[in-house]
Amino acid sequence: MIADRLFKPAMWRRLVLPLVFAIASLAQSRGARADQLSEDLSGLASTDASEVSAAIAKAANRGDARALTALHALDDGSLRFDTQKHLLIKKDNGVLSDALTGAPATAQGKLEEPASDNEVRRALSPALASLSLSAPSAAVRLKAAHELGRPSDEIVPIVRQVLAKEADPDVKVALALALAPADLASEKPADRIRALDAIRAASDASFKTDVERLLSKGEGGKLVEPDASVRAAATAAISAIETRQLLINSVGNTFYGLSLGSVLILCALGLSITFGLMGVINMAHGEMMMIGAYTAFVVQNFFVAHLPAHLDWYVAVAVPAAFVVSGAVGVLMERTVIRHLYGRPLETLLATWGISLLLIQTVRVIFGAQNVTVANPSWLSGGVEILPQVVLTYSRLAVIGFSVVVMLFVWALMQKTRLGLEVRAVTQNRAMAAAMGISTRRVDMWTFGIGSGVAGLGGVALSQLGNVGPELGQGYIVDSFMVVVLGGVGKLAGTIAGGLGLGLVNKYLEPLAGAVLGKIFILGFIIVFIQRRPQGIFALKGRAAEVS
Amino acid sequence: MKAEPTVGLKALHDKRGWLALAIVTLVLCVLVPVLSLAVPASSPLHLPDYLVALFGKFLCYGIVALAIDLIWGFTGILSLGHGVFFALGGYAMGMYLMLSIGAQGVYKSALPDFMVFLDWKELPWFWRGFDYLGVALTAALVVPGLLAFAFGYFAFRSRIRGVYFSIITQALTYALMLLFFRNETGFGGNNGLTDFKSLYGYDLHQPSTKVALYLFSALGLLLTYLVCRYIVTSKAGRVLRAIRDAESRAMFVGFNPTSYKLFAWTLSAVLCGLAGALYVPQVGIINPGEMQPANSIEMGIWVAVGGRATLFGAVLGAFLVNGMRSFFTAAMPNAWLYVLGLLFIAVTLFFPDGVAGALGRLKRKS
């Protein structure tokens, strides 16, 4: 039924045929307009400044956005014309193209540059503004409106005209904002209110000082702005700007806090497990991270030297390599030093500090005391801009994702494997576990190796965020102890909560109190916290608590 | 025959002990000044100024080692934050020295140079009074003592012990280091306090002033030793050792470990403050680097090398390790961290009772 009605012959006559004619006539008029355009612009092909200016004015009055290519070229000095008065654009690499159609073109005879003096330039900038602001595409108009910045006096009336005709809401906001500086300086309160409304709508932080000046008191205690309604509008504008800044800051801080927290978790995971298991503080744990980072550096250099075609994938090799190298150093440490100090945690602390000095000095001798650079692979460079001024870099996103994967790995290891079961048993009650036939020494060794390996993974993550140096681990050791203290010992959930909490609080406090004071607040808080809850956020309950 | 109950000076040492102490004191207090001042500079026996200052520095380290031995060796609490107390004492003295520069600084202002640099117009309130030596010396003892008392009160009351306590002392020194690194804190930031000219009117660059400071340090070390010796041989010292060996048992017997620990901890901090105050005029600088966690851990190794719970061993350890440091950092700078690292490992693994223990074993064999 419907189909029948759709295809009635009358329908064809009434709708489709006129449409065809319309398109045909449009094509005709386009041709005509192209002629007008080239006629308008022909004046540009002149060394006489007044002729060029006249041509600019003509093109601006016609309002055809296709003239923009030629005018932009004139603006940046790449416009040329040949002996046929044919307008061409000469690119930096010497290639010529037609200034009207953009097609490749060849010059006939000698190329000349159109006149360009102050007169031309004075005519050019309003023409460019009015043409690009009336371009058919909303995206072009929006871009042009953003590029206006604080327009000069001769452009302001053009912007006003364009704004009156503009329909797109985004472009309207941007245009109104461009008019704001002129309106703010106006004598009429209504103009100033309009400007402030525009600033409020755009929430543009660059106007904050201007608006604040309106609310302040000038010389002799007199208010800069006499009109109360304007002051109210200014207050509203300021609060809108501040809300916007708060949003931008909190999104940024959350992101940086999450990425810092992820690194802290990677460092603290192993520390927490070994502390829970053996009650020893491994002061060389930070150096395991450093070794992991240097392993990434070595793998990168190997790829540069031998597999340059696959350089982008060196990270895929560096991750397992760092785990193995750091883990092996950890096992070696446990075998040679730590197992002999069992039950003497304070001595272990000093001995592992000695090991960390040895490791730092060894790395310094091998790789030099200077920082080395581990480059991001190409798929980790760059980022996404989710808000103006907030860029989430891929490397930080990858570190956050990576730490989630490592957490899952450790969780699976502890909960789903036999070794994990044994580790948990030994952590709860060493003597009982030994009586059940678990080789506690073997469990110690493997756990130490895995804890160190996980720290090595943290080192790879760190190598993607910054420079790698022999003292890399030292900067994180105090923080990761704090994570362990905060989260409680030997508990994955506690470490995660502690790490994320510390990372986020750190980054939230930084803008408020400065990086150093923020850190001092946190350390002070932890010192107070540990008084109240010496077992950490997630205290062991039941029998496990009695033993520890 | 029943052993006589020992009282008075006899309780501290037997006759041979006193004799040994007197000989060491005489050597330290007479030999160095004579070799430095009386022997002409051309003689090979002449002790150059820098060595006098170096030995004076070692004596201050000896005081620190005694303080740490008291709290670690006898009470079983390993502090990784004693550098803070040492530095606070040093800063108190440094503030006095800074103010006594007067208008002789680079900017010719009555304010210390770094304040002129920061465009401050007057002294902050916490610098008031530090133009008197007495105030500075009192602050050098009281400020570390108060900090240690407040910190220890909360920590011991919550029964934080073992490695937990060690870690939060490390956090303490780390936090204060960050605080002192800030210019706004008012202690010269990164550069600390330096360019001192005179102490109580005496030129710090004069050899005689250096020897005098050395003698004061030796006197400080001797007094500290006697105080520590008095405490560890008293009944309180026995309680401290009981707490170290079995805290719960000591508590059940009726002693309150918290107050004993708090006493030893606070006294230890005060002694460190004294050491810092003696140290700064001899080295001529105090900066937040003294509060680095690494420095505090190293102080622990002095005591471990010398032998814990022996007092004289701790002093010996401080001399030995720092002597080695002076030697290696000059002769083989790359090897020093290896030596220090191996020292940490070897002492904990193979010589848990340190040099003093080894000497004791030799004596028993002979």
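**Cores and the A–B contact: a quick walk-through**

Okay, let's start at one residue, Val64 of chain B. Leaving aside residues up to four places away in sequence, Val64(B) touches His82(B), Phe86(B), Cys272(B), Ala275(B), Met299(B) and Ala318(B). Before I go on, remember that this is a predicted model.

So where does Val64(B) sit? It belongs to the largest nonpolar core, which has 195 residues. Val64(B) is among those with the most contacts inside that core, along with Ala293(A) and Leu66(B). And which helix gives the most to this core? That's helix α3 of chain B, residues 49-73, with 16 residues. There's also a second, separate core of 57 residues, and that one includes Ala99(A), Leu124(A), Leu179(A) and Leu196(A).

Okay, over to chain A as a whole. You're looking at 22 helices and five strands. Chain A has 548 residues, and 41% of them count as buried. If you take the contacts in chain A between residues at least 6 apart in sequence, 70% join residues at least 24 apart.

Now, the place where the two chains meet. How many residues of chain A are in contact with chain B? There are 32, and they contact 37 residues of chain B. On the chain A side, α14 (345-367), α19 (474-487) and α21 (515-532) each supply at least two residues. The one that gives the most is α14(A), with 14 residues. And what's that side made of? The residues of chain A that touch chain B divide into 25 nonpolar, five polar and two charged.

That's my tour; happy to go back to any of it on the screen.

How values were computed. Residues are numbered from 1 along each chain as its sequence is written. Chains are lettered from A and ligands numbered from 1 in the order in which they are written. This is a predicted model: local features need pLDDT of at least 70, side-chain atom pairs count only at pLDDT 80 or more; totals for chains, interfaces and linings use all residues. A nonpolar core is a set of buried Ala, Val, Leu, Ile, Met, Phe, Trp, Tyr and Cys residues joined through C-beta atoms within 7 Å. A residue is buried if 20 or more other C-beta atoms lie within 10 Å of its own, exposed if 12 or fewer, and partly exposed in between; C-beta atoms are placed from the backbone. Helices (H or I, at least four residues) and strands (E, at least two) are DSSP runs, numbered from the N terminus. Two residues are in contact if their C-beta atoms, placed from the backbone, lie within 7 Å. Ala, Val, Leu, Ile, Met, Phe, Trp, Tyr, Cys and Pro count as nonpolar, Asp, Glu, Lys and Arg as charged, and the others, Gly among them, as polar.
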